[in-house]
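Biologist: I've got this one open on my screen, and I'd like to know what stands behind the labels. Can you walk me through it?

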Amino acid sequence: MKETYAKRINEVILKSRPLMMREFVRPIKALEKTSDSGGNINLLSMIDKQGTGISMTDLSLLTCVSKPNMTIMADKLCADGYIERHADSNDRRIVLISITDKGRTRLNAHREKVTQFVNAQLMRLEESDIEKLAMALEDMVEVLEKLDALSR
């Protein structure tokens, strides 16, 4: 039974990936590159979700980016005033990264641009197709999060 689903899922992934790239991922990436924070919007978003701060090690693990590369990205965001570094109150050897008000403002502005882009894409569809797409993506994320949790 799982083998049958594996083949179906594989076919859907292979078919949907180029469509997702063309219709959503590439245009959204282009929006990121036009911002003054470069392609680090996703990084800002992950830092923002952590609330009080996240260590470079945890951020590297979360993003699957090496610590040296993460340091370069964080240095740029810090220089631009989008994030700040501060010592962990429990262990001063650990440096935590948090988003600044400027970073949150930039992130919210980008999210608004993305929302406008997605809205323009959806305007081309029938209401029933929009509902199907929303439900399918929500279900997909729910299952992928379970799979991700099992991988850790």
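Modeller: Let's go through the labels one by one, starting with the overall layout.

Biologist: Before that, what kind of model is this?

Modeller: It's a predicted model.

Biologist: And what makes up the secondary structure of the protein?

Modeller: Six helices and three strands. If you read along the sequence, the pattern goes α-α-β-α-α-β-β-α-α. The C-alpha atoms fill a box of roughly 50 × 40 × 20 Å along the principal axes. Of the 152 residues, 25% are buried.

Biologist: Let's zoom in on Leu 43. Why is it called buried or exposed?

Modeller: Buried means under 20% relative accessible area. Leu 43 has 4% relative accessibility, so it counts as buried. This residue lies in helix α2.

Biologist: What does Leu 43 touch, apart from residues up to four places away in sequence?

Modeller: Leu 59, Thr 63, Met 70, Met 73 and Leu 77. Take Leu 77: it is 34 residues from Leu 43 in sequence, while their C-alpha atoms are 9.3 Å apart in space.

Biologist: Ile 54 next. What makes it buried or exposed?

Modeller: Same test. The cut-off for buried is under 20%, and Ile 54 comes in at 5% relative accessibility, so it is buried. Ile 54 sits in strand β1. Setting aside its neighbours within four places in sequence, Ile 54 contacts Ile 47, Leu 59, Leu 62, Val 95, Leu 96 and Ile 97.

Biologist: What is the phi of Cys 64?

Modeller: About 60°, a positive value, although Cys 64 is not a glycine. Cys 64 follows α3.

Biologist: Staying with α3, which of its residues are buried?

Modeller: Met 56, Leu 59 and Ser 60, in a helix that runs over residues 56-63. Seen down the axis of α3, these buried residues fall within an arc of 100°, so they line one face of the helix. Their cover includes α2, β1, α4 and β3.

Biologist: On to α5. How do you know how its reach compares with the expected one?

Modeller: Helix α5 covers residues 101-122, which is 22 residues. From first C-alpha to last, α5 reaches 31 Å, close to the 32 Å expected at 1.5 Å a residue.

Biologist: Which residues of α5 are buried?

Modeller: Gly 103, Arg 106, Leu 107, His 110, Val 114, Phe 117, Gln 121 and Leu 122. They cover an arc of only 145° around the axis, which puts them on the same side of α5. On the other side of α5, Asp 101 and Thr 105 are exposed. Among the elements covering the buried residues are α1, α2, β3 and α6.

Biologist: How do α1 and α5 cross?

Modeller: Their axes come within 10 Å and cross at roughly 145°. The crossing is right-handed. On the α1 side, Glu 23, Phe 24, Pro 27, Ile 28, Leu 31 and Glu 32 meet His 110, Lys 113, Val 114, Phe 117, Val 118 and Gln 121 of α5. The residues of this contact divide into seven nonpolar, two polar and three charged.

Technical notes:
Residues are numbered from 1 along each chain as its sequence is written. This is a predicted model: local features need pLDDT of at least 70, side-chain atom pairs count only at pLDDT 80 or more; totals for chains, interfaces and linings use all residues. Side-chain values use heavy atoms; hydrogens and water are left out. Helices (H or I, at least four residues) and strands (E, at least two) are DSSP runs, numbered from the N terminus. The expected span of a helix is 1.5 Å times one less than its number of residues. Buried means under 20% relative accessible area, exposed over 50%, partly exposed in between (1.4 Å probe, protein chains only). The arc is that of the directions from the helix axis to the C-beta atoms. Contact means heavy atoms within 4.5 Å. Axes are lines fitted to C-alpha atoms, for helices over the stretch in contact, and angles run from 0 to 180 degrees between N-to-C directions. A crossing is left-handed if the near helix is turned anticlockwise from the far one by less than a right angle, and right-handed if clockwise. Ala, Val, Leu, Ile, Met, Phe, Trp, Tyr, Cys and Pro count as nonpolar, Asp, Glu, Lys and Arg as charged, and the others, Gly among them, as polar.
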